[in-house]
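Let's take a friendly walk through a protein chain together. Have the sequence and the 3D view ready, and follow along one stop at a time.

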Amino acid sequence: MLLAQRELVSKNAELEIYWRSAEEERQLVAALMSRMMHPETLRNEELRYHIKQAEKVGGDLIAAQRYRDKLYIMLADSTGHGLAAALNLLPINHIFYSMANKGLPVPTIVEEMNWAVKEQSPADRFVAAVVARIDARNRLIEVWNGGIPSAFYVSEDGTWEYRFNSGNFPLGILDRTFAAETEIIQWQQPGQLLAFSDGLEEAENSQGEQFGFDRVHELMVAFPPEKRFDALVEAIYHHVEPG
């Protein structure tokens with residue numbers, strides 16, 4: 001009994017050390033992600049965003065940078081969780097802000113980010129992302145989508161005017177042969193660009209039912225433009241945690 005008690009005390013001590021280490025890493029990643037998000041650039045009346053991490057912190061990143069009358073945005077989803085996922089986002093975050101701040105073309109930015117992930121990350125690590133540039137003066141939207149669910153241009157009445165499919169490999173898979181192919185549209189009527197990671201569609205309730213894409217579509221039609229974002233966020237939380 002004495003030996004068993006000593007072993008139990010030893011294991012509890014090991015668990016306490018492990019828990020403290022994990023908590024320190026979680027706080028480190030949370031602080032790192034917060035700094036990478038550049039909150040000052042996300043305070044934009046034209047932009048609404050929401051990030052809800054799963055059980056582990058890290059992996060999802062939203063960035064925005066204005067250059068004159070153009071707005072650059074990025075939604076990135078890194079493989080893995082925790083510190084490994086966050087570190088994978090560091091190079092592309094720096095590249096996005098430094099190059100968007102100079103008004104450089106989207107393909108140039110994406111190709112540089114791809115090489116950074118390829119060169120600096122392990123072979124099994126990559127980053128799915130959407131990078132877009134919205135040109136308000138010329139009413140143009142340019143989008144590169146690599147591994148993220150389709151982004152949409154939604155009209156005021158909720159119609160899907162255009163679908164930006166994932167037609168590219170995620171960042172970090174191909175080498176210098178990688179060429180970023182973008183899609184460009186010119187909107188004819190006011191609308192909104194909607195982009196989300198796979199976490200939205202795959203959010204499950206207690207019965208294992210996923211939120212799904214159809215619910216997103218229904219909400220876009222059911223609500224006016226100024227209420228869609230809040231309605232979507234509320235619907236997701238109600239689906240996952242009803243009541």
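**A guided walk through the chain**

Begin with R66, which counts as partly exposed because its relative accessibility is 36% (buried means under 20% relative accessible area, exposed over 50%, and partly exposed in between, with a 1.4 Å probe and protein chains only). The model you are looking at is predicted, so local features need pLDDT of at least 70 and side-chain atom pairs count only at pLDDT 80 or more, while totals for chains, interfaces and linings use all residues. Residues are numbered from 1 along each chain as its sequence is written, and side-chain values use heavy atoms, with hydrogens and water left out.

What does R66 pair with? Its partner in a salt bridge is E46, with the closest N and O atoms 2.5 Å apart (a salt bridge is a side-chain nitrogen of Lys or Arg within 4 Å of a carboxyl oxygen of Asp or Glu). This pair links distant parts of the chain: E46 lies in the loop between α2 (39-42) and β1 (60-67), R66 lies in strand β1, and the two are 20 residues apart. E46 counts as exposed, because its relative accessibility is 54%.

The structure holds six salt bridges, so let's visit another. The side chains of R48 and D230 meet in one, at 2.7 Å from N to O. Elsewhere, D69 and K70 form a salt bridge at 3.7 Å, N to O. Salt bridges with shared partners join D69, K70 and R137 into one network.

Now turn to helix α4, residues 106-120. Among the buried residues of α4 are V106, I109, M113 and V117. Seen down the axis, the buried residues of α4 fall within an arc of 165°, so they line one face of the helix (the arc is that of the directions from the helix axis to the C-beta atoms).

Finally, step back. The protein chain has seven helices and eight strands (DSSP runs numbered from the N terminus: helices are H or I with at least four residues, strands E with at least two). Of its 243 residues, 40% are buried.

Conventions: The expected span of a helix is 1.5 Å times one less than its number of residues.
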